[in-house]
Each structure stands twice: as structure tokens, then as C-alpha cells.
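I am opening a notebook on this model. My entries follow what I looked up, in the order I looked it up.

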Amino acid sequence: MTVFTSGMSRTQPSPAPARPGRVRRLFDEVRPAVVAAKQRLPAGGSRRSEEDSRRPEGGSRPGPWRRGPVLTVCALLLGLLLPLHRTLTDRAGLGSLAETFLPWFGLFVPVLLAGALLRRSATALVALLLPVTMWLHLFGGLLGDRSQAGGDLTVVSHNVAAENRDPAGTARELAASGADLLALEELTDRARGTYGKALAKAYPHHVVRGTVGLWSRLPLSDTRSVDVLRGMAGPLAETLRPEDLPVEPPRALRTTVATEKGPLAVYVAHLGSVRVTAGSGFWTDSRDAGATKLAAAVAAEHDRRVLVLGDFNGTTDDRAFEGLTSRLRSAQDVAGAGFGFSWPASFPVARIDQILVRGVEPRSAWLLPATGSDHLPVAARISW
């Protein structure tokens with residue numbers, strides 16, 4: 001007997017139809033992500049390169065002649081500063097400070113060059129030709145050796161430093177240089193006798209005025225002090241009367257050296273110090289006043305042959321020394337090798353110790369080994 005049992009088999013219930021509102025909400029949530037992904041893919045479907053991803057939307061990456069505008073401007077400003085440094089304001093001593101380290105501005109060129117290559121900026125590379133050309137024009141001639149053989153007289157100038165712990169050793173080293181004239185600056189009362197005793201055998205003639213002196217193998221005459229003191233210059237002077245200013249020892253002298261070829265007027269000077277202060281910036285008033293007075297003395301000098309030795313506390317690029325450099329030549333610039341940086345002795349960055357000449361010809365100029373001073377001795381050989 002066949003029995004039909006309808007409704008007895010177990011079946012899975014059919015899923016409920018999705019609600020239209022829920023589907024739309026899911027689509028709205030997914031759509032922004034899909035659109036963003038499509039924007040990151042090029043037409044071929046591959047991922048855009050990192051360089052392309054940096055391009056502004058709807059545009060292309062700037063070409064090599066439009067890249068690096070800041071680098072280009074910096075290169076042009078550097079190129080203009082080098083030849084036009086005298087036009088830089090000297091407010092707070094800014095111009096003088098820049099001129100003291102002017103050769104070192106050339107170090108900005110490789111820095112800008114690296115930036116231009118990194119940015120692949122053709123404009124910046126072309127702009128760099130200006131500072132390179134200007135630097136070579138100003139200092140390129142100092143890179144080689146300009147010395148020549150011969151000479152009639154060897155001169156040495158050295159700031160021996162008041163705090164020098166071995167003045168006798170310094171004197172022996174200077175005498176060993178074989179100099180005919182030896183100018184010393186920053187002599188103290190305590191060390192003056194030591195230098196005189198140590199140098200007496202090699203240099204039978206010497207004169208000292210205040211903190212400067214000249215030792216010579218040749219006779220000396222007509223010696224006098226030269227006023228290079230600041231006088232009423234500086235912040236302190238504004239509150240004091242002239243008679244109340246502290247009395248300072250002389251810092252410069254003038255003498256005549258009797259050579260086989262005629263008289264030679266020699267000046268030895270130690271100009272005022274410079275300071276960096278919060279209120280005044282790079283303070284050079286004392287030095288500048290001394291430079292002006294020294295230049296006036298040299299301008300009034302009757303002897304045709306003139307030699308100026310000493311610590312100027314500034315380089316010949318500094319505008320403060322224009323009165324001297326317009327009448328005298330630097331032995332280092334004419335006949336030296338390199339820049340001849342003399343200070344500080346541990347790592348020289350500037351030549352503030354000078355040998356300037358007029359009426360004689362520098363044949364060679366060089367630096368002597370370090371002594372117990374923070375300055376290096378400078379030397380030159382001159383001829384008539």
C-alpha cells in the first residue's frame with residue numbers, strides 16, 4: 001500500500017530578499033574608495049610612479065628651468081655680495097664682519113651646487129656661474145704661489161700675546177727665522193725685559209714704545225710714538241670727559257732704518273681690539289679710529305720707502321683699512337702663497353697680521369711656525 005505523506009520532507013528556508021535601502025547604503029560607503037583607487041591608476045591599470053604621484057592634479061611636474069627658484073635667488077645674491085660687499089650696511093658692524101671672512105663665502109657655492117643637482121634645477125646651475133666667477137676674480141689669484149727668489153731685507157711681524165707663557169722660547173724661535181727686522185706687538189711690562197735679553201745678541205738695535213717694539217740688525221733713528229688710540233670713540237667715551245679717559249700706553253711707533261740702499265720708514269702698530277656684544281653687534285670703533293689715524297700718519301710720511309707691520313685686528317678686505325690699502329700693497333697678496341691666514345694659530349681663518357709696503361718690492365711672503373701666541377708670525381722678503 002502506497003502511502004503519500006506530503007509535507008513530511010525537511011527543506012532549507014529561502015533567504016529573505018535584500019532590502020533596497022541597505023544595498024544603496026553599502027554602495028555609497030564603497031564608492032569613494034573605488035574612485036580614489038581609480039585616480040591612482042593610469043589608463044593601462046598599473047600603479048603610478050612616485051614621481052608622477054607628486055605631480056599636481058590636472059598638471060605636469062615643472063621643467064628643469066622652472067625648478068629651484070629659492071636656490072637661484074640665493075646664488076644671484078651671493079654673486080652680487082662678493083663684488084659689492086662695500087655697499088653692505090655696516091650697522092652693528094655687519095659689513096665689517098662679512099668682509100673679515102669674505103673668502104669663506106665661497107663655501108656656499110658647493111652647498112648651492114648640491115641643492116641644484118638634487119632639485120635638477122638648470123636655472124640654479126646657470127645662476128651659480130655668477131658667484132663662481134666673482135669669487136675667482138677676487139681671490140683666484142691668491143690660490144697659487146706668487147713668491148720669487150731674491151730680496152734685500154727679511155722682515156717678521158708677530159703679536160706675541162700678553163698671556164704667552166714662554167716669551168723666551170718665542171724670542172728664540174723668532175731669532176732663528178733670520179729676520180733683519182723683527183716687529184713685536186702686545187708686549188707686557190713683565191715680558192719686555194725677557195724679549196730684550198733673548199734678542200740682544202742677534203739684534204743690536206731696538207726701540208720700544210708702549211706695547212710695540214722693533215728689533216733690528218741695522219741702525220735705527222728718528223723714533224717716535226704714533227697715536228692710534230681710540231680717543232673719544234666707543235660707548236664709555238660718551239659718559240667721560242677727555243681728561244677722564246684712562247691713559248693707555250702707545251700702541252704704534254715710527255722709526256727709520258738705515259739700509260745700504262737708503263732710509264726705510266718703518267711703522268709698527270697694534271690696532272684696537274674688536275668685540276661681539278649683544279648691544280653693539282660687531283664692535284670695531286676702537287680699531288677703526290686707530291686705522292684712520294695710522295692712515296693719516298702714513299699719508300704724511302715724507303720717505304718714499306715705507307713698511308707698515310703689525311696686528312690690525314682686521315683683514316685688508318675690510319673697508320676700515322681703505323686709507324691704508326689705497327696707498328700700500330700687501331706683501332702677502334703680491335708675493336705670498338695662498339691666503340696666509342694668521343689667526344687663530346690653532347685653526348687660522350683670517351689674516352689680521354699685516355705686512356704692507358710702499359716704494360719697495362715684495363719678493364716672497366710666508367707664515368712662520370706657531371709659538372706660544374694665539375697668532376702666527378708673518379714674514380716677507382723685500383727688495384729695492
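I looked up Asp 333 and found it partly exposed, because its relative accessibility is 36% (buried means under 20% relative accessible area, exposed over 50%, partly exposed in between, with a 1.4 Å probe and protein chains only). The model is predicted, so I note that local features need pLDDT of at least 70, side-chain atom pairs count only at pLDDT 80 or more, and totals for chains, interfaces and linings use all residues. Residues are numbered from 1 along each chain as its sequence is written, and side-chain values use heavy atoms, without hydrogens and water.

Asp 333 sits in helix H12, residues 331-335 (helices, H or I, of at least four residues and strands, E, of at least two are DSSP runs, numbered from the N terminus). Setting aside neighbours within four places in sequence, I list Leu 142, Arg 146 and Thr 316 as contacts of Asp 333 (contact means heavy atoms within 4.5 Å). From the C-alpha atom of Asp 333 to that of Ile 355, 22 residues apart along the chain, I read 9.9 Å.

Next I turned to Thr 154. Is Thr 154 buried or exposed? Thr 154 is buried, its relative accessible area being 9%. Thr 154 belongs to strand S1, residues 153-159. Not counting residues up to four places away in sequence, Thr 154 touches several residues, among them Gly 178, Asp 180, Trp 366 and Arg 381.
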